Amino acid sequence: MAELTDNGRDDAAPRDAGVPMTVSDMNAWFVREVLPLEPVLMQLFRRSWRNKTDAEDLCQDVYVRVYEAAQKQFPSPVRPFVLTVARNLLINRMKHEQVVGIETIGDLDALHLAADEPPADRKIMAREELRKLQIALDRLPPRCREAVILRKIEGLSRREIAARMGISEDTVHRHLTEGRLALADILYASPLDHGWNP
Amino acid sequence: MSASARDVRAAAAIWHDRLERDDWTAQNQAELDSWLEQSLAHRVAFLRVDAAWNRADRLGALGRAPDNASDEQTVSPKRGLLLYLKFAAAAVLIASLGSAGAWYALAPRDRIFATPIGGHETISFADGSSVELNTDTVLRARMTTEQRIVWLEKGEAFFHVKHDRLHPFIVIANNKRITDLGTQFSVRDEPQGVRVAVLQGKVWFDASEKQNATQSALLGAGDVAVARGDAISVTREPAQVLETGLSWRRGLLVFKHTALADAAAEFNRYNRLKLVIADQAAKRTIGGTFPAGDVEAFARVAKNALGLEIERRANGTLVLR
């Protein structure tokens, strides 16, 4: 997973279609290349489609289609491929709803989607990641945050967390599940540079 | 489209957490494997929660390193770990942009939910009821085993209430009281008064916060009521008109022979980019379905359909004339 901070840039070269891929290769590729595009996808969907639940569903559909396609051959470069899948889904959906003004999503460049930022300094990225995590932690509900802190920072076992917080292990399960879900949403779905600061 | 992303993600998080338990068995593993095999949506949701949880391993760095804190300028020492632990229990929660409202609904205290201009959130409560918040809306909820009360502090919301005869679901908006009798309805706090539209079922509408106010009305499906001061006026609308009024739930605005000035007022509820209609064009009418977040698209359609001109002012306002 060391490549994560490297933005997966070493993987930009096309692969041989003939090389068999294991499931874990597929999964690692998906996590490294596709998941980081989620803020861009959500931005695209929410701009054209204000309903958040719909945006999440569209995002899921994009993931499924991209994963499916990658099982046959890794798309390269990844970003334009993913955005094209997203755009086609969006157009189908808008046609279905008979929305006026479909042309507004035609111009993906207007979203600065095509622009790839230069690779950032590794130290800055690590710091940025830590900041993002801190903000994510900050946004968890209090009891859930406490459980995540005890698990992730203090490294307590689930039984120890239950004892420390004075709750059952089932409740620990609930808090940590909630924490997982919220962290995934904050870390992946939130806009890249949106001001979350209070 | 398969199961909703939210449901699949919630299921993935539950699986992922169970995996960490001491009592995880081979049988459990087989169940998880088969769940993952069922659909790619399951697999990608699981990968997503797994990746996020692994990223959070770096939180360990926050626990050590008070001496690192000066180096990490972006992590304010004031908001460090100790503060979290001290104040964790006291925090008032504001769920806004991008947060999973559903999961905040579990604790027993008053919870505040807010959407920014252009926002749209669905909150699911533990009792099975849900509320959709429209743009620029603030809602406070007190959901306990004894009572179910929400205050619509501003804006508009659509309620889908799980009926419970012993614990009526009560909405308070601008000193008006709406008591659910098992139903779907919307409440909007607007300058003209508090507007309630009932899609299904029945509600009591009291013109005062107190129950059994002098002015009250029993509303049924299709009723639209507006209360201002002590007076309530009720009209009945066809289902289609009610649905049109709720198109914001799908992120859309629907107009039919609507005056441009009124259409602009609607768009301005959803967008920071404000639309102004010059006097001579205010009464021209327009129809169609538009994404609520796209003022520019609307302005272009109005320009082409009605032969108007778009002027862009320095403060960012769009003027149609």
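Which residues of α3(A) are buried? The structure is a predicted model, in which local features need pLDDT of at least 70 and side-chain atom pairs count only at pLDDT 80 or more, while totals for chains, interfaces and linings use all residues. Residues are numbered from 1 along each chain as its sequence is written, and chains are lettered from A and ligands numbered from 1 in the order in which they are written.

Helix α3 of chain A spans residues 52–72, helices being DSSP runs of H or I with at least four residues and strands runs of E with at least two, numbered from the N terminus. Its buried residues (20 or more other C-beta atoms, placed from the backbone, within 10 Å of their own) are A:Lys52, A:Asp54, A:Ala55, A:Glu56, A:Asp57, A:Leu58, A:Cys59, A:Gln60, A:Val62, A:Tyr63, A:Val66 and A:Ala70. These residues pack against α1, α2 and α4 of chain A, and also against α1, α3 and β3 of chain B.

Two of them, A:Cys59 and A:Val62, are among the residues with the most contacts (C-beta atoms within 7 Å) inside the largest nonpolar core, which has 60 residues; such a core is a set of buried Ala, Val, Leu, Ile, Met, Phe, Trp, Tyr and Cys residues joined through C-beta atoms within 7 Å. Helix α8 of chain A gives the most to this core, with 10 residues. From chain B, B:Ala52 touches A:Arg180, A:Leu183, A:Ala184, A:Leu187 and A:Tyr188, not counting residues up to four places away in sequence.

Chain A averages a pLDDT of 75, on a scale of the predictor's confidence in each residue from 0 to 100. Over residues 1–18 of chain A the pLDDT is below 50.

Technical notes. The expected span of a helix is 1.5 Å times one less than its number of residues. A residue is buried if 20 or more other C-beta atoms lie within 10 Å of its own, exposed if 12 or fewer, and partly exposed in between; C-beta atoms are placed from the backbone. Two residues are in contact if their C-beta atoms, placed from the backbone, lie within 7 Å.
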